[in-house]
Amino acid sequence: MSQLTVATGTPTPSAPATPATPATPATPAAPAAPARSGSIGQAVRDVVVLTRRNLVHVAREPLQLSDVTIQPVLFTLLFVYVLSGGVAVGGGDYKQFAIAGLISLNLTTASIGTAVGLSTDLGSGAVDRFRTLPIWRAAVLVGRSLSDLLSSLVCMSIVVLTGLAIGWRPHTSPARFVAAFAIPLLFAYALAWATACLGMVSDGPESAQGIGLVVLFPLAFVSNAMVPAAGMPAAVRAIAEWNPVSAVTAAARDLFGNPNPSAAADAWPMQHPVVAAVLWSVGIVAVCAPLAVALYRRRTTD
């Protein structure tokens, strides 16, 4: 006889439900670094913005331009009226000889402003703020070099206007006059990249200015800028004749149609000053621009 299991009808108690575990809030993702556009158009816009930023700083503090506004006037008056009686220049008076040299002298010594400006930006934290923006990194250097090129144009114009006021006159065609402006400005642009390297390796604006003057003053004065190189000792004359400042000065004198005693020298740069000045300028940019960018990347890399 089979056994039957009869249900009692009493419900079997079920196991208590496990309370639901609250969801863990998601950890917010870290903000992504700003994307940097690689387009040429974006790089150009970055350069324009940073160039304008440097010009705005000058507008807010005009005394920053004292080395390209007041200094050229003082140097022109001092050198012309102090040295004019003691320096013999063949083919003309000292006033006609000096203006091209004063252009080179002022542009060379004023180029230290690039090093001081970059060193100031590095020390003040401005460059650190630029690094957080989606901009072309080299735009900081290019913008600085272009704003300083505009300062060089102001400097050169003031020397020329001061020279015209005291009796200097160019004797040349309009095209050669424009070329006489272009070559010193090209050299000033090249020096801006050279002094940018100095600003990258300096600890502060004071050291950048001090070291820069030690380098730039001999470069400016051991040349034919203010006196003919023919009267220098043989060793100094050889250095002066191959000095890029001498090539730029001789080229400007030749293009302005002013007395150029250096044309009688046997050194190749003095025989071909325009070509030599362009080669010096292009060579300095070719070496110093990549070096400045590399130093900037190293200086701003965490």
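Mentor: Let us begin with a working rule, namely that two residues are in contact when they have heavy atoms within 4.5 Å. Please keep in mind throughout that this is a predicted model.

Trainee: With that rule in hand, which residues does Ile 103 touch, not counting residues up to four places away in sequence?

Mentor: The general idea is that in soluble globular proteins, nonpolar side chains tend to be buried together. In this structure, Ile 103 touches Met 156, Val 159, Val 160, Pro 184 and Phe 256, once residues up to four places away in sequence are set aside.

Trainee: How many salt bridges does a search of the whole structure find?

Mentor: Side chains of opposite charge can pair when their charged atoms come close. Here the search finds three salt bridges. In one of them the side chains of Asp 121 and Arg 53 meet at 2.9 Å, N to O. Asp 121 belongs to helix α4 (residues 112-124) and Arg 53 to helix α1 (residues 40-60), so this pair ties together parts that are 68 residues apart in sequence. Arg 144 forms a salt bridge with Asp 121 as well, with the closest N and O atoms 3.2 Å apart. Because Arg 144 lies in helix α6 (residues 139-166) and Asp 121 in helix α4, that pair ties together parts 23 residues apart in sequence.

Trainee: And where does the pair Asp 254 and Arg 176 lie in the chain?

Mentor: The side chains of Asp 254 and Arg 176 meet in a salt bridge at 3.4 Å, N to O. This pair links distant parts of the chain, with Asp 254 in helix α10 (residues 244-256) and Arg 176 in helix α7, 78 residues apart.

Trainee: What should I look for in helix α4 itself, and which of its residues are buried?

Mentor: An α-helix has 3.6 residues a turn, so residues three or four places apart point the same way. Helix α4 has 13 residues and reaches 18 Å from its first C-alpha to its last, close to the 18 Å expected at 1.5 Å a residue. Its buried residues include Ile 112, Ala 115, Leu 118, Asp 121 and Leu 122. Just after α4, Gly 125 takes a positive phi of about 90°.

Trainee: Finally, which residues line the second largest cavity?

Mentor: Rolling a probe the size of a water molecule over the atoms shows where empty space is left. The second largest cavity, with a volume of about 30 Å³, is lined by Leu 50, Arg 53, Asn 54, Asp 121, Phe 130, Val 140 and Arg 144. Helix α1 gives the largest share of this lining, three residues.

Notes:
Residues numbered from 1 in each chain as written. Predicted model: local features only at pLDDT ≥ 70, side-chain atom pairs only at ≥ 80, totals over all residues. Heavy atoms only, no water. Salt bridge = Lys/Arg side-chain N within 4 Å of Asp/Glu carboxyl O. Helix = DSSP H or I, 4+ residues; strand = E, 2+ residues; numbered from the N terminus. Expected span 1.5 Å × (residues − 1). Buried < 20%, exposed > 50% of the residue type's maximum accessible area, 1.4 Å probe, protein only. 1 Å grid on protein atoms, 1.4 Å probe; cavity = no way out; pocket = protein on both sides within 12 Å on 5 of 7 lines; lining within 4 Å. Points joined across faces, edges and corners; volume = space filled by probe spheres on them.
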